[in-house]
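Thanks, everyone, for making time this morning. Please have a look at the sequence and the model on the screen before I start talking.

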Amino acid sequence: MSVITRRLCDQHFNVYCKGSPEMISTLCRPETIPLDFHQQLDIYAQQGYRVIAVAYKPLATKVNYPKIQRISREKIECDLEFLGFVILENRLKEDTTSVINSLMKANVRTIMVTGDNILTALSVAKDCGMVVKGQNVIIVNARQNVMKANGHELYYNLSGQGSSSIENKSPEGALTPNGCGGDYALMTNSNSVTSLQTVDTCTQTTSVTMSIKDIESGLKVDEYEGSLMEHNLNNYRFAMTGKTWAMVREYFPDLVPKFVTRGTIFARMSPEQKQQLVMELQDLGYYVAMCGDGANDCGALKAAHTGISLSDAESSVASPFTSKNPTIACVPNIVKEGRAALVTSFGIFKYMAAYSLVQFASVIILYSIDSNLTDLEYLYIDLFMISVFAFFFGKTESYDGPLTKQPPLNSLIALSPIASLTFHLIVAIFLQTAGWNYVQTQPWFEPFNFTEDKEEKNDLGCHQNYTIFIISCFQYIILAFVFSKGAPYRKSVLSNYGFLISLLINTGITLYMTIDPPNWLADLMGLVVPPDMTFRLTLLGYGIFNFIIALIIEMFIVEYFLSNKLRYKFHNIHKSHKKFLGIENDLRRSPNWPPISSLTSEIPSNIEDKTSPMSFAELSVVENTDPDAAMLDQNSILNSFFEQYEELNDVMVDHPSSESKSSPEPKSPSISSVLDIDQAIPGMITHQEHPIKNGLKSPLHTIKENKDNILNGHENVTQNDNNKDMQSLEMKNLEVKSIGNLENDIIQQS
């Protein structure tokens with residue numbers, strides 16, 4: 001965004017432009033960009049700051065106000081002069097970390113889609129818990145490569161878990177659980193790394209270093225390693241920018257599902273790319289909820305299954321939900337409400353289906369003797385029982401406890417709902433049939449004689465009618481109770497006072513009609529009450545037995561066994577509509593993908609960088625011909641060797657041996673040998689020659705990396721070309737055990 005201003009004392013206008021540092025750097029003149037531009041940007045971004053670049057340029061004096069009204073943006077935003085960075089601190093809101101933690105515990109995946117810098121997004125993701133401790137982040141990058149078929153290639157950088165915070169740094173010299181020094185940075189641009197599985201644990205010291213809280217809590221190192229073992233193996237997440245996202249969709253569309261399945265951080269995303277990401281997630285079978293607060297989120301909010309606007313601005317128009325509190329604390333509440341609504345809908349459906357089937361069974365049994373339920377019996381069941389239960393059924397609120405990992409069923413055509421209805425129907429038919437047969441065995445039983453006059457007068461009452469009606473009333477009440485489930489998706493049925501009161505009232509009326517109904521009620525309902533109290537109490541026992549069996553069916557058989565134990569037992573993830581399950585399974589079985597191109601450290605450059613040592617190096621001793629040779633790097637671990645060597649030479653001067661006095665001054669030959677030491681310094685380090693008081697000259701020591709000698713497994717001994725007249729010195733299988741032994745060997749050979 002640019003603005004054009006003019007001070008009162010100036011004769012020209014000035015253009016001030018702000019935006020992302022990457023974009024502003026392309027609009028500025030190259031000579032105005034500091035050399036440490038990207039270095040400083042990375043330092044601030046890695047610490048979680050939001051960085052905005054500012055630039056300006058003065059317009060020509062001939063550019064007046066009318067011309068400014070017609071000038072194009074392209075002519076204004078070019079050849080700018082870089083001014084600096086504006087550093088903004090985006091602090092996490094108080095409830096952000098706890099909300100994300102609760103979502104992740106419930107296996108609800110969280111993804112960050114932002115327009116900020118990817119390093120800033122990485123820092124925020126680690127602070128809020130999107131990237132957990134011990135979890136690797138692989139940054140996906142794309143670049144042009146004319147050698148490839150499509151002209152582009154992808155490369156992957158493994159981002160370390162290090163932090164610039166002093167509290168998170170391990171003490172100097174301390175060992176991490178994997179045995180590597182905790183104060184070493186991750187190697188950069190290591191071409192030897194081929195996959196995440198082959199990355200040596202020493203390159204990930206910052207990701208597994210025990211924190212102060214772990215130590216204070218008394219956690220042992222072996223216990224810490226065990227807790228991280230299951231997370232470190234093939235446990236990584238992808239991060240990419242919008243530019244990479246666009247190139248992947250265009251040139252590598254087959255990799256998009258993998259990146260979407262394991263992607264956690266998507267930075268520098270445009271509004272269109274945010275919408276594309278939401279649609280890709282939906283294509284993989286995810287149910288997507290999107291939170292946004294700006295106009296650039298409208299497309300993604302509209303495309304998501306559940307769009308949540310965190311402000312009353314433009315985003316509230318495109319999203320069905322608007323939060324009064326501008327935080328993500330509403331997300332768990334929406335998930336709970338959605339799950340409660342789904343469970344309630346399925347419960348009401350099951351209850352209405354079971355009620356219809358039970359009443360159908362009752363009518364079929366009574367039809368066998370040409371009888372039926374009376375009109376008032378139908379009215380009482382439909383109006384005073386079923387309608388009241390259905391009305392209060394959905395009044396139970398959502399569960400106020402933590403989210404559960406197990407989501408509710410989202411399909412009625414599944415094993416659990418069908419099995420539940422089947423089992424309850426079998427029990428209902430069995431008890432009604434048992435009561436039907438039991439009443440006919442009583443000595444006072446009078447069979448029903450059907451006549452046309454009774455049908456016209458609705459005189460269908462009989463002992464069989466009374467038995468079936470009472471048993472079915474108990475069953476309607478029992479089904480309403482067992483289908484109204486509580487935790488973990490809804491509160492207990494005891495919290496729904498309307499539903500609870502309706503259950504108690506209908507249970508009391510049914511008991512009243514069962515045990516001792518008055519004559520007026522029996523005449524009104526058309527009931528023929530059996531004279532035996534024992535029989536009526538037996539019908540009450542049928543109801544209690546039905547209640548116990550219904551609880552066993554719903555709680556143990558359906559919920560525990562079918563829903564929990566057998567739900568995924570025969571589930572073929574590769575044929576499921578949730579495609580992400582199959583992709584995730586394939587990624588877990590592919591530890592060699594993706595191929596890691598380099599390891600990037602997230603420790604800012606202003607902090608002392610102690611490079612992780614390599615395993616092998618080559619030692620060469622040559623005669624010094626350059627008196628101006630560079631001094632050895634002050635951080636080299638071989639400094640102690642040269643200091644000891646100089647002290648030893650001083651001792652030789654003070655206490656010269658007879659051999660050194662009589663022998664002529666030799667010229668130092670060239671010696672090359674492979675050092676097999678635990679920690680050698682990579683790269684090349686040189687040390688200036690140190691004069692010795694007895695006239696001998698100390699050699700110039702050069703340490704450099706030698707991969708060929710490592711592969712060959714042998715040691716080469718060469719002779720200096722400048723000393724061909726000297727007797728050749730052949731040294732084979734020279735093994736240096738330590739720096740102290742090395743100096744003695746060199747002195748003796750000299």
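This is a predicted model: local features need pLDDT of at least 70, side-chain atom pairs count only at pLDDT 80 or more; totals for chains, interfaces and linings use all residues.

I begin with the largest nonpolar core, which has 54 residues, and in which Ile381 and Phe469 touch the most other members. The elements that give two or more residues to this core are α15 (330-367), α16, α17, α19 (463-483), α20 (497-515), α21 (519-525) and α22 (533-565), and α19 gives the most, with 14 residues. If we leave aside residues up to four places away in sequence, Phe469 touches Leu373, Glu377, Tyr380, Ile381, Met513, Met525 and Leu527. There is also a second, separate core of 34 residues, and among them are Val140, Phe252, Val260 and Ile596.

Turning to helix α10, which covers residues 242-251, we find Gly242, Thr244, Trp245, Met247 and Val248 buried. The cover over the buried residues of α10 includes the strands β6 (136-144), β7 (152-159), β8 (236-241) and β9 (263-267), together with the helices α11 (256-262) and α12 (271-283).

Next is Thr404, in the loop between α16 (375-393) and α17 (415-440). A polar atom of the Thr404 side chain lies 3.5 Å from the backbone nitrogen of Gln406, and, again not counting residues up to four places away in sequence, Thr404 touches Ala106, Arg339, Pro488 and Tyr489.

Finally, how many disulfides are there? With sulfur atoms required to lie within 2.5 Å, the count is 0 disulfides. As for individual cysteines, Cys473 counts as buried because its relative accessibility is 0%, whereas Cys78, at 27%, counts as partly exposed.

Technical notes
Residues are numbered from 1 along each chain as its sequence is written. Side-chain values use heavy atoms; hydrogens and water are left out. Buried means under 20% relative accessible area, exposed over 50%, partly exposed in between (1.4 Å probe, protein chains only). Helices (H or I, at least four residues) and strands (E, at least two) are DSSP runs, numbered from the N terminus. Contact means heavy atoms within 4.5 Å. A polar contact is a pair of N or O atoms within 3.5 Å; within protein, one must be able to donate a hydrogen and the other to accept it, and residues adjacent in sequence count only if both atoms are side-chain atoms. A nonpolar core is a set of buried Ala, Val, Leu, Ile, Met, Phe, Trp, Tyr and Cys residues joined through side-chain atoms within 4.5 Å.
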